[in-house]
Amino acid sequence: MRSNVVSKLYYTESGHSIPWFGEEITRFRHVKKMLTLETVAQPATLYILARNDDGVRLPLRLSVNGTEIAPVDPYPLTWYRWHPITLDPGVLQPGDNTFELWCDDTSMGSWSLAMEPGHAKPASYVTDDGGETWRNHRMGYLNVERGEYVIRLRTVEGE
């Protein structure tokens with residue numbers, strides 16, 4: 001039997017990230033990404049392009065529209081890779097959706113999120129105060145770039 005499931009990929013970048021120019025994530029330095037969805041009736045898959053440093057034991061934590069979901073555990077390889085996370089449709093909504101990521105480590109050097117530099121008005125934001133104030137400029141490892149975080153979402157749109 002052949003399945004005719006149709007899916008849609010939501011993203012705001014082309015995936016051209018520079019590995020040494022990612023966004024370091026800590027207890028204080030959170031990131032968030034905004035994606036605008038059309039419909040959400042089925043489970044979806046969130047894809048995060050991130051890496052953890054060697055020896056990291058703390059997971060990458062994340063919330064979707066304010067609801068914390070299961071964290072991403074560190075892995076033994078220290079290069080960027082896609083982390084697929086299945087999301088229940090109940091945490092997503094038609095329209096704007098917010099994906100926030102952080103780690104409980106107090107210093108940089110635990111987790112890094114891939115970022116595509118060179119966007120004029122990104123839908124990605126960073127904070128240095130644990131989420132009190134957000135900005136979409138002075139981003140990246142050296143606080144000199146404006147870019148989009150490489151976070152994507154695939155939804156099932158029907159058959």
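Visitor: Arginine 135 first. Buried or exposed?

Guide: Remember that this is a predicted model. Arginine 135 is buried, with a relative accessible area of 11%. The cut-off for buried is under 20%.

Visitor: Which residue does arginine 135 form a salt bridge with?

Guide: Aspartate 128. The closest N and O atoms are 2.8 Å apart.

Visitor: And how accessible is aspartate 128?

Guide: Aspartate 128 counts as partly exposed, at 39% relative accessibility. Its side chain also meets that of arginine 29 in a salt bridge, 2.4 Å from N to O. That pair links distant parts of the chain, 99 residues apart. Arginine 29 sits in the loop between strand 2 and strand 3, and aspartate 128 in the loop between strand 11 and strand 12.

Visitor: Arginine 29, buried or exposed?

Guide: Buried, at a relative accessible area of 4%.

Visitor: Which residues are linked in that network of salt bridges?

Guide: Glu23, Arg29, Asp128 and Arg135.

Visitor: How many salt bridges in the whole structure?

Guide: A search finds 10. Another one joins glutamate 38 to lysine 8, with the closest N and O atoms 2.3 Å apart. Glutamate 38 lies in the loop between strand 3 and strand 4 and lysine 8 in strand 1, so the pair ties together parts 30 residues apart in sequence.

Visitor: How accessible are those two?

Guide: Glutamate 38 is partly exposed, with a relative accessible area of 47%. Lysine 8 is partly exposed too, at 29%.

Visitor: New topic, strand 3. Which strands does strand 3 pair with?

Guide: Strand 3 runs antiparallel to strand 11, joined by 4 bridges. There, valine 31 has valine 126 as its bridge partner. Strand 3 also pairs with strand 8, again antiparallel, over 7 bridges. On that side lysine 33 stands opposite phenylalanine 99.

Visitor: How many residues of strand 3 are buried?

Guide: 6 of its 8 residues, so strand 3 is mostly covered by the under-20% cut-off.

Visitor: What about the largest nonpolar core? Which residues touch the most other members?

Guide: The core has 34 residues, and those touching the most other members are Ile25, Leu46, Ile48, Leu87, Leu92, Trp111 and Leu153. Among the elements that give two or more residues to this core are strand 3, strand 4 and strand 8.

Visitor: What does isoleucine 25 touch?

Guide: Val31, Leu60, Leu101, Trp102, Cys103, Trp111 and Leu113, leaving out residues up to four places away in sequence.

Methods:
Residues are numbered from 1 along each chain as its sequence is written. This is a predicted model: local features need pLDDT of at least 70, side-chain atom pairs count only at pLDDT 80 or more; totals for chains, interfaces and linings use all residues. Side-chain values use heavy atoms; hydrogens and water are left out. Buried means under 20% relative accessible area, exposed over 50%, partly exposed in between (1.4 Å probe, protein chains only). Two strands pair if DSSP finds at least two bridges between them. A nonpolar core is a set of buried Ala, Val, Leu, Ile, Met, Phe, Trp, Tyr and Cys residues joined through side-chain atoms within 4.5 Å. Contact means heavy atoms within 4.5 Å. A salt bridge is a side-chain nitrogen of Lys or Arg within 4 Å of a carboxyl oxygen of Asp or Glu.
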